[in-house]
Amino acid sequence: MSATLLHIHRRLLDLSEPRVMAILNVTEDSFYTHCPSCSQADILAAAAQQLAAGADILDIGACSTRPGSEPVAEQVERDRIAMAVTTIRSAFPDALLSVDTFRTSVAQTALEAGADMINDVSGGNEAMYDLISRAHVPYVLTHAQGTTMDECVDFFARRLDLLHQRGVADVVIDPGFGFGKTIEQNWSLLRHLHELSVLQTPILVGLSRKSMIYKALGTDADHALYGTVAAHVYALQGGASILRVHDVAAAKDAIKVFNYVNNN
């Protein structure tokens, strides 16, 4: 893992030690956790719990990207994001807030509301890259389609070049587990995760309770915590800098053990 400083929220986040990004959904149809009422009280309670458990970044999503889901209307997503970001920022002014979206207009709304980072699950487009360039915020670039690590590396190399041409310096790459890939292709990417180190860019992994894990265990998302922790440790060994998770405390413990083994 390369020591990398991420410029975010007027500070430097040191990624030489792995960090935890907590999933905070404000939608009623996510595959695992969701927010049925999406009230300000529910959102604040979720944020407070995740921050208390040690989350380094909160990743707020208002449109499910689970396989087979139908995207909510763009204005609905914008309204949910604006409310959630404003609510959390007011209560936790120093929290690092990311927004999970594939829509440039939603990213714009999020930044105007006070978000610090955009987690683009689509792989990006010219309009999104231009927005990130103007806003000078960190950007998560996701590999949304493709089957092999060679394709993944090639995709990132080309898109990183486009972003760097626009002056975007703080980019995190996400191999996109579960996005346009079969179960076996997901596991192959995890086995070869270390090959992304050639790009010298921080790596985010989103494995938490996904079907690649619970199907391997013969169970469901509700019973996939232990398998998720095992996959997280493997991802850390492969060079992951950020774990995007539902279960913050478990991920923090996995990182502590990983650091202890490597530093003692």
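In this predicted model, helix α1 (residues 40–52) and helix α2 (residues 74–91) have axes that come within 10 Å of each other and cross at roughly 55°. That angle makes α1 oblique to α2, and the crossing is right-handed.

**Helix α1 against helix α2**
- On the α1 side, the contact is made by Q40, I43, L44 and A47.
- Helix α2 contributes M83, A84, T87, I88 and A91.
- Sorted by class, the contact of α1 with α2 holds 7 nonpolar and 2 polar residues, with no charged ones.

**Helix α8 against helix α9**
- Helix α8 (residues 225–237) packs with α9 at an angle of about 40°, and their axes are 10 Å apart.
- This angle makes α8 oblique to α9.
- The crossing in which α8 passes α9 is right-handed.
- From α8, the residues in the contact are L225, V229, H232, V233, L236 and Q237.
- They meet A250, A251, A254, I255 and F258 of α9.
- Here the residues of the contact divide into 9 nonpolar and 2 polar, and again none is charged.

**The sheet**
- If you trace the open sheet of 8 strands, you will find the order β8-β7-β6-β5-β4-β3-β10-β9, with parallel pairing.
- Its edge strands are β8 (171–174) and β9 (204–205), each of which pairs on one side only.
- Within the sheet, strand β6 (residues 117–120) runs parallel to strand β7 (residues 139–142), and 3 bridges join them.
- For a landmark in this pairing, look at N119, whose bridge partner in β7 is V140.

**Helices on the sheet**
- Helix α4 (residues 126–135) lies across β6 and β7 and runs at about 160° to β7.
- Helix α9 (residues 248–263) also packs on the sheet, where it touches β3 (19–25) and β10 (242–245).
- The direction of α9 makes about 170° with that of β3.

**Aromatic pairs**
- The count of aromatic pairs comes to 2.
- One of them joins Y129 and Y139 in an edge-to-face arrangement, at 5.9 Å centre to centre and with 80° between the planes.
- Because Y129 lies in helix α4 and Y139 in strand β7, this pair ties together parts that are 10 residues apart in sequence.

Methods
Residues are numbered from 1 along each chain as its sequence is written. This is a predicted model: local features need pLDDT of at least 70, side-chain atom pairs count only at pLDDT 80 or more; totals for chains, interfaces and linings use all residues. Side-chain values use heavy atoms; hydrogens and water are left out. Two strands pair if DSSP finds at least two bridges between them. Helices (H or I, at least four residues) and strands (E, at least two) are DSSP runs, numbered from the N terminus. Contact means heavy atoms within 4.5 Å. Axes are lines fitted to C-alpha atoms, for helices over the stretch in contact, and angles run from 0 to 180 degrees between N-to-C directions. Angles under 35 degrees count as roughly parallel, over 145 as roughly antiparallel, 65 to 115 as roughly perpendicular and the rest as oblique. A crossing is left-handed if the near helix is turned anticlockwise from the far one by less than a right angle, and right-handed if clockwise. Ala, Val, Leu, Ile, Met, Phe, Trp, Tyr, Cys and Pro count as nonpolar, Asp, Glu, Lys and Arg as charged, and the others, Gly among them, as polar. Rings of Phe, Tyr and Trp (its six-membered ring) pair if their centres lie within 6.5 Å; planes under 30 degrees apart count as stacked, over 60 as edge-to-face and the rest as tilted.
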